[in-house]
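Q: Hi! Could you walk me through this one while I have it open?

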Amino acid sequence: MTHPLDLPAREIARGVRAATFSAESIVAESIRRARSIEATLNPFTLIRAAQAMEAARRADQAVARGAETGPLHGVPFVAKDLTPTAGDLTTLGSWTRPDWVPDETALCVRRLQAAGAILIGKTTTPEFAYSSFTSSPRWGVTRNPWNPAHSPGGSSGGSAVAVATGVVPFAEGTDMGGSVRIPAALCGVVGFKPSLGRIPMTILPSLFDNISHFGPLARSVDDAAAFMEVTAGGSDEDISSLPIDFDGAATRAGTLRGRRFALSLDLGYYAVQPQVAALVRQAADALRQAGAVVDEVALDWTRAVNDQWFDLWCVFMSAYFGDELATHRPRMDPAVVAMMTRGLAMDATTYKRIDLLRTAMWRDMARLYARYDALICPTCAITAPPAGATDDDYAATLPDGRFGGLDMTCPFNLLPQLPALSIPIGCAADGLPVGLQIVGHRFADEQVLAWGAALETILSAPACPAAGDVANMIF
């Protein structure tokens, strides 16, 4: 630890409440780190230095006068540019929102602030969060802290970079096809897609979308759980949100002994890099040594899973943002335009038949959960790709018939009630991080986080070496 900012989120809050150190010193260091990486990695659309420092001073004044404080008092965090925050430029990575400054903050962020957390900046996303790469016409290319020639993933790439570089202990992200878990895996941090409805999703035009989730990117599973403790819970702002509390204590009481995990290295159809598969097998061995049962299982899924998720995603884009084509097409990402065009052309029957695939997938998973507590698999089939690559570069069927995809996350947005956690499991031979995905039974969020925390404590994987001078810039 080089600064109290490097403590876990709850310990930062305890230290601020006890006046062991000040919120002002924590937030000042967070802003310093943000500025030190801004030019090289490009993870921010906005650094809220003045507003954050004022909030930190108020936090310290509250402690001095003995006022009531929240569980995250003085803890800095960042939010994605997709998520509205009152008074801040919010662009969705797009020139279609040239100067939008919302009047209201999204409920997820309001809950973090009500718990005492301090928003220090907004982070980059591809246009309308459409991609597994964080690059947009509005903000340019965001880069991976372990090697800036590579992508941090997307679409919550800026948030992942902020966490991986120590700017904040956790960040807000959104996940519609893996947009929290992909950058978490590629940047070597924790990413969690909660079960649908655990955190109210209030930022989309429709409250009836069923693939979209808020979720944390965090330095540890415990920091992700701290995020969940204050953001989860029902609200009439989202009719689909679940009126159940989040049990944070349960996430700190997990045991691996006697647990049963099903391991699929490829979900039946992915081409997985050998260096990724090797680290996943090592993590499976660590689970076994801790007393868990890990059995390799066969799934008969095919790339139809990804193709039909993509169809659904195109309709999502065209339905919610397609009206922008009439006036903003020339300044939009051509890939977004193509997706919207595809979505607008899709007939309703084809769209509805995606539910048949989702039903078959759930029945496969229900049979698996009859024997196992969770499924484990790689989060991504490869390590971080080049920063200039695109999603289309990872959509091929290879000569051996396997799918040359990047992420292994979107299948579990088609099954949105299943919580899915990505935790870092080490550094691959190319010097880049690898993530393991733990997919639990529906609404078993606390259990999945507990198993992730237990696995985190027994893994002794060293951090990946950062390229060039990036590591020196951070601290």
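Q: Great, let's start with Lys-193: which strand is it in?
A: Lys-193 sits in strand S7, residues 190-193. Helices (H or I, at least four residues) and strands (E, at least two) are DSSP runs, numbered from the N terminus. Before we go on: this is a predicted model, where local features need pLDDT of at least 70 and side-chain atom pairs count only at pLDDT 80 or more, while totals for chains, interfaces and linings use all residues. Residues are numbered from 1 along each chain as its sequence is written, and side-chain values use heavy atoms, with hydrogens and water left out.

Q: Is Lys-193 buried or exposed?
A: Lys-193 is buried. Buried means under 20% relative accessible area, exposed over 50%, and partly exposed in between (1.4 Å probe, protein chains only).

Q: Which backbone oxygen does the Lys-193 side chain reach, then?
A: The one of Phe-412, at 3.4 Å. Lys-193 also touches a number of residues beyond four places away in sequence, including His-213, Asn-413 and Pro-416. Contact here means heavy atoms within 4.5 Å.

Q: Okay, switching to salt bridges. How many are there?
A: The count comes to 26 salt bridges by this rule. One of them joins the side chains of Glu-296 and Arg-281, at 2.3 Å, N to O. Glu-296 is in strand S10 (residues 293-296) and Arg-281 in helix H8 (residues 274-289), so this pair ties together parts 15 residues apart in sequence.

Q: Why does Glu-296 count as partly exposed?
A: Because its relative accessibility is 46%. Arg-281 is partly exposed as well, at 38%.

Q: What about Asp-311 and Arg-342, where do they sit?
A: Their side chains meet in a salt bridge at 2.7 Å, N to O. Asp-311 is in helix H9 (residues 304-321) and Arg-342 in helix H11 (residues 334-345), so the pair links distant parts of the chain, 31 residues apart. Asp-311 is buried, with a relative accessible area of 11%, whereas Arg-342 is partly exposed at 42%.

Q: Which residues form a network of salt bridges?
A: Asp-6, Glu-29, Arg-32 and Arg-33 are linked that way.

Q: Nice. How many cavities of 30 Å³ or more turn up?
A: Two. On a 1 Å grid over the protein atoms alone, a cavity is a set of points where a 1.4 Å probe fits but cannot get out, and lining residues have an atom within 4 Å of a point. Grid points are joined across faces, edges and corners, and a volume is the space filled by probe spheres set on the points.

Q: Last one: where does Cys-380 lie?
A: Cys-380 is in the loop between strand S11 (374-378) and strand S12 (395-397). At 3% relative accessibility, Cys-380 counts as buried. Its contacts include Ile-182, Val-276 and Met-408.

Technical notes. Lys and Arg count as positive and Asp and Glu as negative; His and the chain ends are not counted. A salt bridge is a side-chain nitrogen of Lys or Arg within 4 Å of a carboxyl oxygen of Asp or Glu. A polar contact is a pair of N or O atoms within 3.5 Å; within protein, one must be able to donate a hydrogen and the other to accept it, and residues adjacent in sequence count only if both atoms are side-chain atoms. On a 1 Å grid over the protein atoms alone, a cavity is a set of points where a 1.4 Å probe fits but cannot get out, and a pocket is an open set with protein on both sides within 12 Å along at least five of seven lines; lining residues have an atom within 4 Å of a point.
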